[in-house]
Each structure stands twice: as C-alpha cells, then as structure tokens.
Amino acid sequence: MAEDASRADSVPDGRLGPEPPPPPTANRPGVTVHAATAVTTVDRPAAGPCTSKVGPAGTTPLGRELAWTAVVLSGEGRGDVVMAPDGGIDLPSETAALFEGAPAGARGAPLLIPRDGLGGQGIPGITGARVLAKTESHSVLRFGPPPAARWAVVGLRSVAVFTGKLTLFDGDEGRDVWAGQVAIVADPTATLYIQAGNDTAVAIALAEPEVLVRLG
C-alpha cells in the first residue's frame with residue numbers, strides 16, 4: 001500500500017474528470033524509449049501473445065498469425081496509420097514504422113488513417129485524447145494537441161510522438177518521449193500516467209481494444 005501511495009504522489013495532481021482515474025497498480029508499466037530509427041522488438045507472451053516492433057519494413061518480419069497495425073515514422077506517409085486485420089502490411093522496405101501485433105480477431109480489409117485524420121470519436125469528458133479507430137485486436141488513439149492535459153491509461157501498448165513531448169510515468173520515474181521517439185509499454189495492464197510536455201504535443205498510440213482513458 002505504501003508503494004502504491006508513493007506512486008500516486010509522483011504523478012501530477014488536479015484529477016478533474018467526469019470519472020475518477022484508475023488507481024496506481026503494483027506492477028509497473030515497464031516503459032522503454034527508442035528512436036524512430038532504432039530496430040527494436042518487445043514481446044509480451046503473457047498477453048496472448050502481443051509484440052511491438054520498431055524498424056524499417058524491409059527488415060522487420062511480421063508473422064501472419066497476428067493482426068498488425070503500423071504507425072509510419074518516416075517518408076511521405078509519416079504519421080499515417082495502417083491497420084491490417086488480415087495480417088499483412090504493405091509498406092516500402094525502407095520505411096520505418098512502429099508495428100504492433102496482437103492475436104487476430106475478425107479478418108478484414110486494411111484500413112488507412114491519414115496523418116491528419118480526426119475521424120473516430122472523442123472520449124466523453126476527456127480533453128486532448130481521441131479514439132481514431134478500433135478493431136478486435138487494436139485501438140488507435142491520438143493524444144494532443146493539448147490544452148495541457150494529463151491522462152491515466154490502462155491498456156496502452158506503444159506510442160509514437162510526432163511533435164512536442166510526452167512524459168510517461170513508469171512507476172515513480174518520468175520518462176520523456178520527444179518528437180521522433182517511440183515508447184513501448186511492456187505491461188499494458190498497468191496504470192500508465194501520461195502528461196503532455198507542452199502545447200504542441202501530438203502522438204499516436206496503439207492500445208488494447210478496450211483501452212481505458214481518464215483524466216489523470
């Protein structure tokens with residue numbers, strides 16, 4: 001209990017939402033931060049399995065047994081999101097992307113969300129966060145631009161920052177994620193607190209289908 005209380009004290013206060021945020025969890029999110037140019041894989045066997053990959057499409061093999069979503073990190077399509085319930089993503093081999101694989105639900109045609117797309121739906125009472133799309137395997141979220149916002153999230157798998165900065169709280173340690181960087185969350189079941197670092201922060205996040213977002 002003391003550990004949980006210390007974590008609660010470590011995140012920003014002023015929790016002003018229509019519903020209370022989820023409490024801190026004993027398990028830490030396990031946040032790691034990577035450059036968009038990195039080649040990284042984080043597997044989560046206990047999750048069913050799920051995996052996060054960062055790297056050029058030509059050197060990042062994607063197994064067809066999973067449904068994949070990609071956030072494009074370089075090239076003309078930078079900022080676009082490609083959802084492929086059928087397991088296949090077609091990107092130029094040199095294009096760097098954040099890939100998120102999860103057990104496939106219903107198969108279907110690929111879906112492209114353009115970088116400036118603001119479709120989907122807002123989250124009632126939550127400023128600065130929007131659900132762009134959801135399948136049986138993934139949710140795609142957009143954080144920012146603020147007004148200066150703080151969120152408590154359960155179910156986040158990874159996030160790519162395109163402008164400004166986000167700070168992700170891994171337990172009592174804040175990890176800054178700047179434009180051009182990606183954060184990967186090892187344990188999406190943990191409560192993750194996120195703060196927009198400035199008024200220009202914009203990020204795309206990949207999450208569990210039933211991700212929970214509250215003001216934090």
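Select Arg28, Asp170, Asp172, Glu173 and Arg175: these residues are linked in a network of salt bridges. A salt bridge here is a side-chain nitrogen of Lys or Arg within 4 Å of a carboxyl oxygen of Asp or Glu. The model is predicted, with local features requiring pLDDT of at least 70 and side-chain atom pairs counting only at pLDDT 80 or more, while totals for chains, interfaces and linings use all residues. Residues are numbered from 1 along each chain as its sequence is written, and side-chain values use heavy atoms, with hydrogens and water left out.

**Stop 1**

Helices (H or I, at least four residues) and strands (E, at least two) are DSSP runs, numbered from the N terminus. How accessible is arginine 28? Arginine 28 has 35% relative accessibility and counts as partly exposed, whereas aspartate 172 is exposed at 52%. The classes are defined by relative accessible area: buried is under 20%, exposed is over 50%, and partly exposed lies in between (1.4 Å probe, protein chains only).

**Stop 2: arginine 44 and glutamate 100**

Next, select arginine 44 and glutamate 100, which form a salt bridge whose closest N and O atoms are 2.9 Å apart. Is arginine 44 buried or exposed? Arginine 44 is buried, with a relative accessible area of 5%. Glutamate 100 is also buried, at 0%.

Arginine 44 stands opposite cysteine 50 in β3, and β2 and β3 pair in the antiparallel sense over five bridges. Two strands pair if DSSP finds at least two bridges between them. β3 also pairs with β6 in the antiparallel sense, over six bridges; threonine 51 stands opposite glycine 101 in β6. Strand β3 (residues 50-56) is largely enclosed by the rest of the structure, because six of its seven residues are buried.

**Stop 3: lysine 134 and glutamate 210**

Move to lysine 134 and glutamate 210, whose side chains meet in a salt bridge at 3.6 Å, N to O. Lysine 134 lies in strand β9 (residues 129-134) and glutamate 210 in strand β16 (residues 202-215), so the pair ties together parts that are 76 residues apart in sequence. Lysine 134 is partly exposed, with a relative accessible area of 48%, and glutamate 210 is exposed, at 64%.

**Stop 4**

Which residue stands opposite leucine 141? Leucine 141 stands opposite alanine 205 in β16. Strand β10 (residues 139-143) runs antiparallel to β16, joined by five bridges. Strand β11 (residues 150-163) is likewise antiparallel to β16, joined by ten bridges; here alanine 152 stands opposite arginine 214 in β16.

**Final view**

To finish, show every salt bridge at once: the structure holds eight.
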